[in-house]
Amino acid sequence: TGLANELLLGRYSMPTPKHPDCLLSRHEAGLFAECQGVLERAGGNHRHSSVARLMLPRCLPLVQAIGHRMAYEAALDAGVPRPLLDLYEAGVVLQDPAWYVEYAGVQRWTQFEMEDRAITAALPHIEEYLASTGAEPYAVSPILTHESWEKFINDLPLFNGNAHYTVVPPLPRIPQQAPPQTQIQAHL
């Protein structure tokens, strides 16, 4: 809450957006404007009780929006592949879908389609993206390769006992087709 308050009071400032027209920059600016509106309605008194009630739940999303915008811009300027940028952007949009519907005109279904397109575009390059991180020497989980997973499973201790199990009857089948809907008639 401290950073958000200091930013809103003008005591501190963050670097201005390099790409102000991108969705994440617009989101940050929109949340900032909403919070400034709360402060203005309280006559600029940041200690007013209504400011505390209305601002506190908005501080974290505001600071996160700033971070999301800055991370996106840094990745864009660093030449991160477009599918990864789009995937990041879609994920951030889905964290505050109502704002994007209300203020950016990005309908709910469009948001889902953004994510689907981003996943579809990134998936064929996933091995390439993972290799470019340089994390392979540090990844030691046995599930990373089929061979190491088999070795892990085969090396697990085997316990024997005299337990018995009972076969449970299967659950009843669920009908394939929904039952016909009954009509409700209003009696006037």
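Predicted model: local features only at pLDDT ≥ 70, side-chain atom pairs only at ≥ 80, totals over all residues.

1. A search of the whole structure finds 5 salt bridges. One of them joins the side chains of D77 and K18, with N and O 3.2 Å apart; because D77 belongs to helix α3 (residues 49-77) while K18 sits in the loop between α1 (2-8) and α2, the pair ties together parts that are 59 residues apart in sequence. D77 is partly exposed, at 44% relative accessible area, whereas K18 counts as exposed at 58%.

2. Within helix α4 (residues 82-93), R82 and D86 are 4 residues apart, which means a separation of about one helical turn, and they form a salt bridge whose closest N and O atoms are 3.1 Å apart. R82 is partly exposed at 42%, and D86 is likewise partly exposed at 26%.

3. In helix α8, K151 and D155 are also 4 residues apart, or about one helical turn, and their side chains meet in a salt bridge of 2.6 Å, N to O. K151 counts as exposed at 52% relative accessibility, as does D155 at 51%.

4. Helix α2 (residues 23-41) has 19 residues, which at 1.5 Å a residue should span 27 Å, and the 27 Å between its end C-alpha atoms agrees with this. Its buried residues include L23, L24, H27, E28, L31 and C35; E28 is also linked with R69 and E73 in a network of salt bridges.

5. I143, W149, F152, I153 and L156 make a nonpolar surface patch of about 450 Å². Of these, L156 lies in the segment after α8 (146-155) and is partly exposed, with a relative accessible area of 42%.

Definitions and conventions: Residues numbered from 1 in each chain as written. Heavy atoms only, no water. Helix = DSSP H or I, 4+ residues; strand = E, 2+ residues; numbered from the N terminus. Expected span 1.5 Å × (residues − 1). Buried < 20%, exposed > 50% of the residue type's maximum accessible area, 1.4 Å probe, protein only. Patch = residues over 30% accessible without salt bridge, like charges linked within 9 Å, V, L, I, M, F, W, Y side chains within 5 Å. Areas by Shrake-Rupley, 256 points an atom, 1.4 Å probe, with all protein chains shown as cover. Salt bridge = Lys/Arg side-chain N within 4 Å of Asp/Glu carboxyl O.
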